[in-house]
Amino acid sequence: MNNQLIKDLEQIISFKSTSDNPKAMDECFEYIKTRLSQLPFELEEFSSNGKKSILWKSKPGKINILLNAHIDVVPGSDEMFTLKEKKETFIGRGVSDMKFTIPIFISVLNELFAEKKDISGIHLLITSDEETGGKNGAGYFVQNNKIDYDLVITPDGGENWDIVEKAKGVLQVQLTAKGKSAHGSRPWEGKSAIDMILNDLLELRKIFPEETTEAWKTTLTIGQIKGGEQTNQVSPFCQTMLDVRYIPEDGKEKIKKIITDTCKNSLVEYISEADPFFTDKYSNFISKWNDLLNSKNIKHNFVNAHGASDGRYFSKLGIPVLICKPTGGFIHSEREWLNKASFGVYALVLKEYLSCLIRF
């Protein structure tokens with residue numbers, strides 16, 4: 001494996017680029033800019049609600065491809081921001097989700113230019129807000145630009161070389177109940193907002209039961225409950241946050257109607273929404289990637305994903321979006337890992353894939 005590839009991964013992991021650390025975000029962006037400074041890119045920096053993104057633009061080509069990644073990560077212990085090697089794996093925050101892509105993109109772009117002296121048709125978009133919804137990064141980019149890419153590659157899902165065909169949509173829902181306070185010994189004199197919320201949650205659980213095994217169905221997670229001021233008081237206020245992951249077959253409006261109609265004791269507010277993802281696995285671009293993996297005997301499947309990614313902003317436009325990444329796991333945990341060999345192979349496969357697509 002290329003030593004520079006590992007060096008770049010080690011450096012990029014070291015930046016504590018969480019949503020509350022803009023300084024680390026800027027440092028990470030500057031490092032990437034330096035590593036790509038020899039390439040004939042035009043840089044476009046933009047910011048939305050304080051979230052920075054950078055687009056590296058080459059000249060138009062016969063085929064135009066966008067490489068997309070995010071540098072923001074969820075919080076972790078200090079030691080997670082030091083890349084560790086353990087037997088056949090790398091361990092670190094973002095090593096699988098999804099900082100591993102940055103060294104690979106840097107390596108592939110530099111190598112292609114060194115060999116071909118031209119990288120026309122390849123753009124690179126790096127954002128800093130995917131973990132908080134992506135609206136100010138990829139979402140803002142799509143909303144404020146004419147998007148005419150033939151293919152988007154965003155390796156933010158599809159663990160173990162699987163190719164994501166569909167992904168669930170997201171609804172984050174806030175339920176609020178207002179009751180009437182009273183002494184805990186005389187509950188009949190008040191009205192418990194906590195009980196009001198609980199009654200609604202019990203009805204929702206009848207429709208969306210707690211899941212104990214993986215299945216392609218709409219799920220509801222009770223993420224937060226806040227309520228009550230004193231143990232010996234009937235609570236006058238309660239609020240809960242729900243995370244709903246709905247399959248495209250159910251549809252957003254259907255799920256919203258079910259929730260609204262079911263919650264008769266609380267105010268329902270839809271705080272955040274994300275569309276489902278879909279890409280055509282029979283499209284020429286996705287088929288070529290699939291064929292390339294098969295030719296190298298890399299085991300993989302087309303899969304449905306439960307989590308969301310920025311790929312949804314592009315798939316909504318009808319653009320083929322390739323979501324597939326090397327072997328890794330335990331993202332967002334203290335055990336986040338990436339297979340070393342798979343990391344190196346992915347860089348080689350991506351370079352070969354881009355070389356086949358774009359005839360310089």
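Visitor: Which strand gives the most to the lining of the largest pocket?
Guide: This is a predicted model, and its largest pocket has a volume of about 910 Å³. Strands S8 (163-167), S9 (169-178), S14 (267-274) and S16 (302-305) each supply at least two residues of that lining. With three residues, the one that gives the most is S14.

Visitor: Of the residues that line the largest pocket, which are the closest to its centre?
Guide: The lining of the largest pocket, whose volume is about 910 Å³, is made up of 36 residues. Of these, the closest to the centre are Glu130, Arg245, Gly307, Ala308 and Ser309.

Visitor: Why do the buried residues of H1 line one face of the helix?
Guide: Helix H1 covers residues 3-14 and reaches 17 Å from its first C-alpha to its last, close to the 16 Å expected. Its buried residues are Leu5, Ile6, Asp8, Leu9, Ile12 and Ile13, while Asn3 and Lys7, on the other side, are exposed. What covers the buried residues includes helices H2 (22-35), H3 (101-116) and H9 (340-357), together with strands S4 (84-86) and S5 (89-91). The buried residues line one face because, seen down the axis of H1, they fall within an arc of 160°.

How values were computed:
Residues numbered from 1 in each chain as written. Predicted model: local features only at pLDDT ≥ 70, side-chain atom pairs only at ≥ 80, totals over all residues. Heavy atoms only, no water. Helix = DSSP H or I, 4+ residues; strand = E, 2+ residues; numbered from the N terminus. Expected span 1.5 Å × (residues − 1). Buried < 20%, exposed > 50% of the residue type's maximum accessible area, 1.4 Å probe, protein only. Arc of directions from axis to C-beta. Contact = heavy atoms within 4.5 Å. 1 Å grid on protein atoms, 1.4 Å probe; cavity = no way out; pocket = protein on both sides within 12 Å on 5 of 7 lines; lining within 4 Å. Points joined across faces, edges and corners; volume = space filled by probe spheres on them.
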